[in-house]
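I opened the notebook to write down what I looked up in one structure.

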Amino acid sequence: MLLGDQEARLIKKIKKGNQGAFKKLYDIYADYSLRTAYAITNNTSDASDIVQETFIKVFRNIDSYDSKKPFKPWFYQILVNESRRYMKKKSQEAISVESEQLLDHFNQHETELQDYEQLEMAMEQLGEQHRTILVLKYINGFSEKELADMLQLNINTVKSRLYKARQKLKAVIGGAKDE
């Protein structure tokens, strides 16, 4: 990821219509956003579509971005909104289970893979709202304040949702052990 000043210069160039700068921004955020979209959707194809639509929206709306604020939360707000829109659109369709990319994201040792497989299966059982907030907090490392801004929620609501999401995840994992 870029440092603040580098990012600000890149955004300024994009606002002036520099396509090379937009390509650089894409190269920086594409993989990270793809992993996030995949963690939310559990589908590689859906994640690719979401990321593509996210970058189109970023390009079209870059003039509305407030350069005084950090870019990353603004970008991820668009990504999360696009993920929700896409998932709502596909809510009638079955979501296939493809675990390879998420497991690659965790990039852990062989002995830990079973734990991650269990975690991934548990995450799939959570609702979109809880899965998204856990992914943004624990995979992408956003603070509760950033999540509140990004999701346009009160910080106490974010804390409450994180708590509930962790409790549900804990209950699902605990339930899996009893099987």
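The entries below go from the whole chain to single residues.

**Entry 1: ground rules.** I noted that this is a predicted model, in which local features need pLDDT of at least 70, side-chain atom pairs count only at pLDDT 80 or more, and totals for chains, interfaces and linings use all residues. Residues are numbered from 1 along each chain as its sequence is written, and side-chain values use heavy atoms, with hydrogens and water left out.

**Entry 2: the whole chain.** I looked up the secondary structure of the protein chain and found nine helices and zero strands. Helices (H or I, at least four residues) and strands (E, at least two) are DSSP runs, numbered from the N terminus. I then looked up burial: of the 179 residues in the protein chain, 39% are buried. Buried means under 20% relative accessible area, exposed over 50%, and partly exposed in between, with a 1.4 Å probe and protein chains only. For contacts (heavy atoms within 4.5 Å), I took the pairs at least 6 apart in sequence, and 65% of them join residues at least 24 apart. The accessible surface of the protein chain is about 10600 Å², and 47% of it belongs to carbon and sulfur atoms. That area comes from the Shrake-Rupley method with a 1.4 Å probe; for residues, only the protein chains shown count as cover.

**Entry 3: aromatic rings.** I counted 13 aromatic pairs. Rings of Phe, Tyr and Trp (its six-membered ring) pair if their centres lie within 6.5 Å; planes under 30 degrees apart count as stacked, over 60 as edge-to-face and the rest as tilted. How are the rings of tyrosine 32 and tyrosine 76 placed? Their centres are 6.0 Å apart and their planes are at 85°, so the pair is edge-to-face. This pair links distant parts of the chain, since tyrosine 32 is in helix H2 (residues 19-41) and tyrosine 76 is in helix H4, 44 residues apart. Phenylalanine 75 and tyrosine 76 also form an edge-to-face pair, with 5.3 Å centre to centre and 75° between the planes. Tyrosine 32 and tyrosine 76 are both buried, and phenylalanine 75 is buried too. Ring pairs join a cluster whose members include Phe22, Tyr26, Phe55, Trp74 and Phe142.

**Entry 4: asparagine 140.** I found asparagine 140 in the loop between helix H7 (128-139) and H8. Is asparagine 140 buried or exposed? Its relative accessibility is 4%, so asparagine 140 counts as buried. Not counting residues up to four places away in sequence, asparagine 140 touches Tyr32, Thr36, Lys72, Tyr76 and Val135.

**Entry 5: tryptophan 74.** Tryptophan 74 lies in helix H4 and is buried, with a relative accessible area of 16%. Leaving aside neighbours within four places in sequence, I list its contacts as Val58, Asn61, Ile62, Ser64 and Tyr65. Tryptophan 74 and glutamate 146 are 72 residues apart in sequence, while their C-alpha atoms are 9.4 Å apart in space.

**Entry 6: alanine 148.** I placed alanine 148 in helix H8. Alanine 148 is buried, with a relative accessible area of 6%. Its contacts, leaving aside neighbours within four places in sequence, are Leu153, Asn154, Ile155 and Val158. The C-alpha atoms of alanine 148 and proline 73 are separated by 9.9 Å, and the two residues are 75 residues apart along the chain.
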